[in-house]
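Here is a short report on one protein chain. Please look over the sequence and the model before reading on.

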Amino acid sequence: IERFDSANNAARLPASMANSGGIIGLPESHRDWVRPGLMLYGVSPIPGYCELRPVMTLTARVIALRDMPAGAAVGYNGRWIAPRATRIATISAGYADGYPTQLPDGTPVLLNGRMARLAGRPSMDMITVDVGELPDVRIGDAAILWGEGLPVETIAAHAGTIAYQLLTGVSKRVTRICL
């Protein structure tokens with residue numbers, strides 16, 4: 001900050017140095033204007049800072065339900081193997097929508113306010129989720145892939161990436177609804 005100010009004192013130009021992290025965590029870095037980025041999505045760049053609300057929720061519908069016996073394989077190359085007899089929900093979102101293909105089995109998905117887990121590798125247009133513990137799930141239910149109730153930071157951590165990549169990677173084919 002001191003070096004920036006020193007350099008700018010001679011030029012006397014309008015100045016900006018605070019991004020989202022600076023806006024929240026370094027008020028002494030605020031100058032003529034600030035540059036919010038990630039925080040515009042309601043995501044904090046500072047771990048533990050909880051005063052922002054997510055403004056994007058990625059949802060998709062359950063389009064099929066199928067009972068699976070123990071040992072049944074699900075997903076590309078049969079990556080996920082049912083550890084017990086269970087029920088699998090197929091959800092209408094995949095990597096062509098911006099849902100990361102590298103997400104591992106067990107990544108959380110929110111259904112009817114309860115946590116379910118990804119079962120198998122995301123495909124182009126669909127994901128499969130173990131809903132064996134959620135008997136109230138029905139075709140047509142909305143699944144929250146990230147957003148209100150399931151932070152995008154959580155999904156980004158599972159994917160080994162950053163929240164900003166997910167938020168800006170939602171494809172054009174996803175319907176946007178602005179409230």
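## Helix α3

In this predicted model, helix α3 spans residues 152-159. Its buried residues are Val-152, Ile-155, Ala-156 and Ala-159. Viewed down the axis of α3, they fall within an arc of 100°, so they line one face of the helix. An α-helix has 3.6 residues a turn, so residues three or four places apart point the same way.

What do the buried residues of α3 pack against? Their partners are β5 (108-111), β8 (142-146) and α4 (163-168). Just after α3 comes Gly-160, with a positive phi of about 70°.

## Nonpolar cores

The largest nonpolar core holds 34 residues. Ile-91, Leu-111, Leu-145 and Trp-146 touch the most other members. At least two core residues come from each of β1 (58-68), β4 (86-91), β5, β6 (114-118), β7 (127-130), β8, α3 and α4. A second, separate core has seven residues, among them Ala-72, Trp-80, Ala-82 and Ala-119.

Take Leu-145. Neighbours within four places in sequence aside, Leu-145 contacts Leu-58, Ala-60, Ala-93, Tyr-99, Val-109, Ile-127, Leu-150 and Ile-155. Ile-155 is also one of the buried residues of α3.

## The whole chain

The chain has four helices and eight strands. From the N terminus, the order is α-α-β-β-β-β-β-β-β-β-α-α.

Along the principal axes, the C-alpha atoms fill a box of roughly 75 × 30 × 30 Å. The radius of gyration is 21 Å, whereas a compact globule of 179 residues would have one near 16 Å. Of the 179 residues, 39% count as buried. The chain exposes about 10200 Å², with carbon and sulfur atoms supplying 55% of that area.

Terms used:
Residues are numbered from 1 along each chain as its sequence is written. This is a predicted model: local features need pLDDT of at least 70, side-chain atom pairs count only at pLDDT 80 or more; totals for chains, interfaces and linings use all residues. Side-chain values use heavy atoms; hydrogens and water are left out. Buried means under 20% relative accessible area, exposed over 50%, partly exposed in between (1.4 Å probe, protein chains only). The arc is that of the directions from the helix axis to the C-beta atoms. Contact means heavy atoms within 4.5 Å. A nonpolar core is a set of buried Ala, Val, Leu, Ile, Met, Phe, Trp, Tyr and Cys residues joined through side-chain atoms within 4.5 Å. The radius of gyration is taken over C-alpha atoms; the globule rule is 2.2 Å times the number of residues to the power 0.38. Accessible areas come from the Shrake-Rupley method with a 1.4 Å probe; for residues, only the protein chains shown count as cover.
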